[in-house]
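This report describes one protein model. It begins with a pocket and then turns to the fold and the surface.

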Amino acid sequence: MVVDTRTDQTVGIITERDVADAVADGKDVNEVRVHAAMTTRRAVIDPTTSVRDAAKIMTRGHFRHLPVVGPAGLLGTVDINDVCQALIGADEG
């Protein structure tokens with residue numbers, strides 16, 4: 001997660017896809033700044049979001065990571081593996 005240190009607010013996320021895209025574009029990742037490569041988006045979930053709803057958000061937005069935000073700010077990140085494991089476990093149970 002990328003956080004603005006002045007406001008303590010999440011402003012984006014940098015993932016392996018962002019880095020891979022920079023490399024594919026011929027950029028030198030040793031020279032590229034995070035703010036230039038990161039994905040800025042407002043898609044976040046709160047701790048009460050269901051796994052199924054998180055999966056829907058991820059599918060619609062083509063996201064592999066979702067920040068989990070509560071009243072105190074960023075609590076963590078859910079990734080596609082977390083969601084898949086939870087859904088598979090729910091189907092088996």
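## The largest pocket

The largest pocket holds about 310 Å³ of space. A pocket here is an open set of points on a 1 Å grid over the protein atoms alone, with protein on both sides within 12 Å along at least five of seven lines; lining residues have an atom within 4 Å of a point. The volume is the space filled by probe spheres set on the points.

The lining has 16 residues, and Gln9, Thr10, Val44, Val69 and Leu74 lie nearest the centre. Strand 2 (9–12), strand 3 (65–70) and strand 4 (73–79) each give two or more residues to this lining. Strand 2 gives the most, with 3 residues.

## Basis of the model

The model is predicted: local features need pLDDT of at least 70, side-chain atom pairs count only at pLDDT 80 or more, and totals for chains, interfaces and linings use all residues. Residues are numbered from 1 along each chain as its sequence is written, and side-chain values use heavy atoms, with hydrogens and water left out.

## Overall fold

The protein has 4 helices and 4 strands, in the order β-β-α-α-α-β-β-α along the sequence. These are DSSP runs numbered from the N terminus (helices: H or I, at least four residues; strands: E, at least two). The C-alpha trace spans about 50 × 30 × 20 Å along its principal axes.

## Burial and Val29

Of the 93 residues, 24% count as buried (under 20% relative accessible area, with exposed over 50% and partly exposed in between; 1.4 Å probe, protein chains only). Val29 lies in the loop between helix 1 (16–24) and helix 2 (34–37). Val29 is partly exposed, because its relative accessible area is 41%.

Methods: On a 1 Å grid over the protein atoms alone, a cavity is a set of points where a 1.4 Å probe fits but cannot get out, and a pocket is an open set with protein on both sides within 12 Å along at least five of seven lines; lining residues have an atom within 4 Å of a point.
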